[in-house]
Each structure stands twice: as structure tokens, then as C-alpha cells.
Amino acid sequence: MSATLPDAAPASPGEETPERRFPTAPLFLSGPAALLFAALVLTPLFLTALLSFNQFDYATGRTGGFTLEHYLAVVTDEYYLEIFLRTFRISALATAICVVIGVPEAYILSRMSNPWRSIFLLVILAPLLVSVVVRAFGWSMLLGPEGPVNGALIALGIGRMKLLYSEGTVVVALVHVMLPFMVIPVWTSLQKLDPAVEQAALSFGASRATAIVRVVAPQVLPGILSGSLIVFGLSASAFAIPGLLGGRRLKMVATVVYDQYLSDLNWPMGAAVAVILLAANLIIMLTYHRMVEGHYRRRLG
Amino acid sequence: MTRNGPAALFFHTLVVIFMLAPLVIVCLVAFTPENTLSLPTRGFSLRWFEAVFHHPDFVQSFWNSLWLAVLSATLAVALAVPASLAITRWEFPGRGFLNALFLSPLIIPHLVLGVAMLRLFAVVGAAGSFGWLVAAHMVIVTPYVMRLLIAAISGFDRSVEQAAFSLGASEATVFRRVTLPMILPGVTGGWLIAFINSFDELTMSIFITSPSTVTLPVRMYMYATESIDPMMAAVSALIIGITAVAVLLLDRVYGLDRILVGQH
């Protein structure tokens with residue numbers, strides 16, 4: 001289509017680059033990747049959105065027709081309401097704990113000098129690259145009835161506690177998986193911070209706490225916000241952690257979608273929950289994007 | 001030395017223990033001589049590693065995952081190099097849309113991609129096909145590759161290319177002898193991060209693998225929901241080992257902090 005629009009790029013004289021002679025080049029270059037994404041992102045999402053409006057016949061397992069019942073079920077059925085509420089509660093709690101742990105940790109890391117800084121940054125961030133199944137499995141061993149945490153509780157005289165398959169365990173494991181996503185953006189905003197500003201506050205007689213609250217915190221706020229939204233979004237759609245550590249009763253949104261698709265075989269219902277999850281994620285991310293853009297515009301303007 | 005006070009260092013120590021504890025315990029339990037999940041208090045044994053290598057399902061899943069990761073990372077790089085050149089160097093209609101589309105798998109939950117692919121594969125009759133699984137993995141690893149490539153391409157001096165052109169080099173020669181060598185750290189770094197992400201992927205794959213294409217994370221998930229014995233710890237320790245090697249390579253080639261911190 002843009003083969004007919006060779007002047008789409010503002011042609012500035014004296015900047016003649018070889019590509020300008022081939023205005024169709026970008027389409028050829030990005031074509032294969034665009035085809036892949038059209039076939040395997042746009043098409044399947046569209047098909048799934050359609051599927052979520054199909055009726056489902058439990059007796060025959062057939063789907064077809066048009067209905068809103070799956071979306072109505074999500075907002076009226078107590079089973080789904082409870083699961084969405086629990087997912088929200090667990091994700092919000094995990095996000096709050098990530099802020100409380102991740103923000104000070106990023107600050108401490110930024111005040112270290114090399115090589116410790118690089119080593120500990122690696123220690124905090126590298127678990128991100130280890131499969132989440134392995135990390136969930138590690139937590140199930142740590143918190144299991146014979147695990148070291150229970151061993152410590154017995155040694156302290158508190159006695160054995162049933163830790164697995166509880167909301168608390170899911171939250172702890174989620175915090176472990178998500179913490180790097182909080183440290184990264186806060187660390188990035190701390191890198192942009194001029195340490196002289198904090199020094200200036202201290203030399204004018206501000207206490208360390210005042211300097212942190214009045215000088216450092218406002219400047220890393222966008223990083224904290226960014227990290228919170230990423231952590232919340234990823235927690236709300238987490239699958240392996242509630243699947244392995246939540247047990248059969250403690251369902252979250254992702255594990256319910258899995259059950260609908262692979263046990264109940266009610267694909268339209270699963271599709272409706274998945275569409276809601278996707279919409280919620282996109283709304284969160286786009287709101288954030290606009291907030292950040294507004295923030296930078298205010299700063300620049 | 002650090003400028004942190006003792007309270008800060010104590011807090012930092014707790015965080016480091018918290019981050020490492022689950023990985024350390026997995027590696028320790030993998031060497032237990034007992035039949036149950038327990039720390040190796042009475043000597044070390046390699047029996048559970050031996051059990052993994054004699055478990056045909058795990059061996060097959062390992063090879064599935066390895067091939068899947070190698071193929072999807074390689075093909076994703078092959079598509080992403082020209083696509084990121086197009087996005088970084090040209091203004092064309094639809095450029096912003098394509099850029100957003102190529103990065104979209106980062107904000108679409110893998111669960112949603114999984115059910116969507118499952119539906120697509122059912123419609124086109126591709127359920128259980130390894131080729132389609134590779135294509136699905138290409139979609140989820142491409143954004144990681146593109147980000148590194150776009151950073152590499154926009155950060156380099158075009159005058160070198162122009163010098164080559166003015167000396168009479170053809171487009172193909174310039175790409176092969178000038179452009180590619182200059183973006184090579186981005187290409188290899190992108191390949192490695194794509195490999196790791198594909199090798200680790202669980203949530204999408206669990207919907208679209210068939211008994212013959214089950215990947216290692218999916219096999220582990222299925223196994224862990226039914227029974228847990230020290231063999232799981234041995235598989236996990238092997239995965240941690242493989243990931244550690246890839247991470248060290250990545251750090252050498254591109255710098256791990258650059259990849260991870262540059263992510264957001």
C-alpha cells in the first residue's frame with residue numbers, strides 16, 4: 001500500500017541515504033514478522049473473543065450461537081466473584097510487599113560500590129531467568145511439613161504449622177518471583193538521580209530520613225509506580241505459583257481458566273475469563289502509559 | 001566499601017537470603033541419598049540425577065525443550081533483524097502499529113496467548129504440531145530480541161555505512177561486512193535471552209503441547225501436581241545449572257544488567 005507513498009518520509013535534501021531509493025524496503029523487511037504476528041497474535045485473540053460469546057452445551061460439548069451468559073456469570077456467580085476478588089487481594093498484597101522490600105533494596109544497592117553492587121544486582125535479578133516451576137518447587141520444599149521453615153518453628157517452640165496451600169504461601173512465592181520487576185524500575189530511576197542533590201539536602205542540615213522522604217522519594221515515585229503496575233499485572237495473571245502452591249481449593253483467575261479449558265472443556269467460559277483478564281491488563285498498562293507521558297510532558301513543559 | 005549503615009546491610013542480607021533460599025534448597029535436596037525430600041544430612045548421592053537420565057519422559061521433554069528453544073530463538077532473530085532495521089531506520093505508514101504489535105506479547109498474559117493459540121490450532125487443525133509450537137514460541141521471544149536490536153541499531157554511527165557505500169560496496173556487502181558486525185552483540189544477546197525465555201516458558205506451552213511435544217517445564221508442572229520426589233529436585237538443579245551457564249554467557253556477551261535493567 002505504501003509503495004504508492006514514496007514521499008511518506010520527509011525528504012530532506014543533503015541527507016540522501018541509500019534506503020530512500022527503495023521506499024518499499026521497510027515493508028519487505030518487516031513483512032515476515034508482521035505476517036507471523038498477524039497469524040499468531042491478532043487472529044487467535046480475535047477467535048478467542050468470538051468464542052467467548054458462543055453458547056456451550058454441557059451434554060454434547062458443542063459450541064455455537066450467541067450469548068452473553070459467560071460474561072454475566074463472571075459478574076453474578078459467587079464462584080467467579082470470589083476468585084476475582086481473591087486474585088485481586090493476593091496481587092495487591094504481593095505488590096505492597098514488593099514495594100516495601102524492593103524500594104529500600106534498590107536504594108541500598110545503588111549506594112554500594114563495585115564490585116559488590118554488580119554482584120548483588122546479579123543475585124537479585126538472575127532468579128528472574130530461572131523457570132518459575134523450579135522456584136515454586138523450591139518454595140514448596142522450604143515451607144513443606146518437613147522443610148527448614150517448619151524445622152525452625154519447631155525449634156523455636158511454636159510447633160509445626162501447615163504452611164502449604166494457603167494464601168500466605170502464594171503471596172510469599174509471588175513476592176519472590178516479582179521482586180526483580182520492582183527493583184529494576186526503581187533502580188533505573190535511582191540511576192538518573194544526581195547524588196549531589198541528596199548531599200546538598202544533608203549539608204543544609206536535613207536528617208537522613210528527611211533527605212530520603214523529601215528529596216529521593218519524589219524522584220523515584222514514577223519508578224515505584226511503574227514497578228507496582230508490572231508486579232500487579234503479572235501477579236493477577238500468574239499461573240504456576242497458585243497452581244503448584246495453592247492446591248485444589250485456592251483458585252486464582254489463571255488456574256480457573258486452565259480448569260475451564262482442560263478439565264471442564266467449557267472453552268467459551270474460559271475464553272470469557274481470559275478476555276476479561278486481558279482487558280484488565282491492557283487498561284492498567286495503557287493508563288500507566290498515559291500517566292507517565294503526562295508526567296514527562298509536565299517536566300519538559 | 002559501602003556507605004550503607006548496619007541496619008541497611010542487615011535488611012540487604014535478609015533480602016539476598018530470601019531470593020536465594022528456594023534455589024539453594026533445590027540444589028541441596030537434589031543430592032540427597034534418601035527416598036523422600038530431605039536435606040542430605042548423611043552424605044551426598046547422585047542417584048536422583050541418574051534417575052532423571054533413566055526417565056524416558058523427562059529425557060524426551062528435555063530434548064523437546066532444547067530443540068524448541070534453539071529453533072524459536074534462531075528464527076525469531078532471523079525475523080527480528082530485518083524488522084527492527086525497518087522500524088528504526090524508516091518512517092512509513094503503520095510503523096507505530098507494527099512496533100506496538102511486535103512488543104505486545106510483553107503485556108498480553110501468557111495464559112491468554114495460550115488459550116488463544118489453543119483455539120487457533122483447533123480451528124486450523126494444528127493441535128499437537130511441533131512446527132506450530134515453534135511459531136508460538138517465536139511470538140513470545142521476538143519482543144525480547146527486538147528490544148535489544150532496536151537499541152543496538154539506533155545506537156550506532158551510520159557514517160561508517162555511508163563510507164562503505166561511497167567506496168562502492170553493494171547493499172548486501174555493507175549489511176554483511178559493516179551493519180551485522182556492529183549489531184552483533186545485540187544479535188547474540190537477543191538470541192540468548194530468547195533461548196532462556198523459550199526454554200523456561202510454562203504458562204502458554206501447557207495449553208498447546210501434546211503428549212509427544214511436552215516441554216520440560218510443562219512435564220515438571222504435571223509431575224509436581226501428582227507426586228513429588230527428589231527426582232524433581234534433580235531436574236530443577238539441572239535447569240538451574242543450564243540457566244546459570246546461559247546467564248554467564250549472556251553477561252559476557254552483552255552484560256546482564258544492561259539486558260535486565262534496560263527491560264523497562
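Two residues are in contact if their C-beta atoms, placed from the backbone, lie within 7 Å. By this criterion, in the predicted model, 78 residues of chain A are in contact with 78 residues of chain B. The largest contribution to the side of chain A that touches chain B comes from helix α1 (residues 25-51) of chain A, which supplies 16 residues. By type, this side of chain A consists of 57 nonpolar, 16 polar and 5 charged residues.

The largest nonpolar core contains 169 residues, and the members that touch the most others are L174(A), M178(A), I241(A), V26(B) and M117(B). When residues up to four places away in sequence are not counted, M178(A) touches A94(A), C98(A), V231(A), L234(A) and S235(A).

N54(A) lies in the loop between α1 and β1 (55-56) of chain A. This residue counts as partly exposed because it has 18 C-beta neighbours inside 10 Å, whereas a buried residue needs 20 or more. Apart from neighbours within four places in sequence, the contacts of N54(A) are T63(A), G64(A), G65(A) and P268(A). The C-alpha atom of N54(A) is separated by 9.1 Å from that of W267(A), although the two residues are 213 residues apart along the chain.

Chain A has a mean pLDDT of 83, with 89% of its residues at 70 or more. The pLDDT is below 50 over residues 1-16 of chain A, a stretch with 13 contacts in the model beyond near neighbours in sequence. Residues 18-22 of chain A also have pLDDT below 50, with 6 such contacts. Where pLDDT is low, the predicted coordinates should not be read in detail.

Note on methods. Residues numbered from 1 in each chain as written. Chains lettered and ligands numbered in written order. Predicted model: local features only at pLDDT ≥ 70, side-chain atom pairs only at ≥ 80, totals over all residues. Core = buried A, V, L, I, M, F, W, Y, C linked by C-beta atoms within 7 Å. Buried ≥ 20, exposed ≤ 12 C-beta atoms within 10 Å, placed from the backbone. Helix = DSSP H or I, 4+ residues; strand = E, 2+ residues; numbered from the N terminus. Nonpolar A, V, L, I, M, F, W, Y, C, P; charged D, E, K, R; others polar. pLDDT = per-residue confidence, 0-100.
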